[in-house]
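Student: I would like to learn how to read a sheet and a helix pair. Where do we begin?

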Amino acid sequence: MGDSKREQVRRHILGELGTGKYPVGTRFVSENCLVRETGICKNTVREAVSSLVSAGVLVRRQGSGTYVVRLGEAPEVARRRVIGVYSSDPIETMIESRLIGNGIRAAAFEAGCDVLHFGGDCAASVAELRRNPGIDLAGVVLTHLLGSDSAELGRRFPELKFVIANYQTADFERLPENIHGVFAEEFAGGYLMASHLIGKGCRRIGVHSAGHSGDTNYSQRIAGYRYALEENGIAFDPALIYECDSTGLSASKREAGRSVMARMLADGAPDAYFGLNDFFTAGACDYLKEHAPPRPMVMAGYDNYDPELGQYYNFSTVAVDLEGIGRHSVQLLIRKDFPGRRILLPPRLVAR
């Protein structure tokens, strides 16, 4: 086991050297930094560094640090296995991207692959990676790319695998065969929450969706909600679907929740508020603290990206396994025998 962990650290170091961030003669990161990056104990990290010192790739200078001596001559650097991760939004502003990324990095590390994040022109970045003689590109995870854009990528690079992570599209089955997908079962999530609210005696359930619900996860959540209503003999009322768009930032989503709650109260408060995002529901709860409804309302959210949010406001939610989406995305890319093109992960009801 120790040798395996040491080899993982060696591959990680060599992968970092292969990115060009550390030219020959520059100081490499400290062992403590490598411990944080890999999650492997310091003794094993030190052994891996020592093996690369012995191989003439690194050199230790007392009182100064570890320096890069050689790059291209190291056989592991010549051809490294890479998982590409594309996002059109800054990763630090999107909590779902960070959670998916955690799963991708964990699975890639276990498989001995490096991870490269990029944005901007996805096709240009992919073409550049494929031209790099030091990179064996296993495939690309697309965290924010849908429909026609991913289809174009599939047609341009037919021999390369792509995985759409998290965001479903209505036309998925019509995409090229090299486009795969890992999604949460959003229909089941909407059904679970609506059934839970009905079980609590709610008949009029107001839903806060977003302005782009026609072609995303939100439409599937609403479909599951509608099915639960009809299963319980409750007529679907489109007037109870409130759309209010927002940016990816949590503050914007909270403000959207406040706005929709104000509209719901003005229309006559429903029995329950079902926000299709937990930050929507947090904003709605904030509004209720300032404007008491005519009667108590049951509050519910969706995603559970930040578990403390639902705990603090005490609302039920549907948990989506985003790290699992990331892990399965890597499996779809690296396993040649993986059956099918799409994986649906079941959501989990968090009842309060």
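Tutor: With pairing. Two strands pair if DSSP finds at least two bridges between them. Keep in mind that this model is predicted.

Student: What is the strand order of the open sheet, and is its pairing parallel or antiparallel?

Tutor: Strands of a sheet pair through backbone hydrogen bonds, in either sense. Here six strands form an open sheet in the order β4-β3-β5-β6-β7-β13, and the pairing is parallel.

Student: Which strands stand at the edges?

Tutor: β4 (114-118) and β13 (342-345). Each has a single partner strand, so one side of each lacks a neighbour in the sheet. Ignoring direction, neighbouring strands are turned by 25° against each other on average.

Student: How many bridges join β7 and β13?

Tutor: Four, in the parallel sense, with β7 covering residues 179-184.

Student: Which strands does helix α13 touch?

Tutor: Helix α13 (residues 322-334) packs on the sheet and touches β3 (80-86), β5 (135-142), β6 (162-165), β7 and β13. The direction of α13 makes about 160° with that of β7.

Student: Now the helix pair. At what angle do α8 and α9 cross?

Tutor: Roughly 40°, with the axes of α8 (residues 186-199) and α9 (residues 217-231) coming within 6 Å. The crossing of α8 past α9 is right-handed.

Student: Which residues make the contact?

Tutor: Among them are F187, Y191 and I198 of α8, and R221, Y225 and L229 of α9. The contact residues comprise nine nonpolar, five polar and three charged.

Notes. Residues numbered from 1 in each chain as written. Predicted model: local features only at pLDDT ≥ 70, side-chain atom pairs only at ≥ 80, totals over all residues. Heavy atoms only, no water. Axes fitted to C-alpha atoms, helices over the stretch in contact; angles between N-to-C directions. Helix = DSSP H or I, 4+ residues; strand = E, 2+ residues; numbered from the N terminus. Left-handed = near helix turned anticlockwise from the far one by under 90°. Contact = heavy atoms within 4.5 Å. Nonpolar A, V, L, I, M, F, W, Y, C, P; charged D, E, K, R; others polar.
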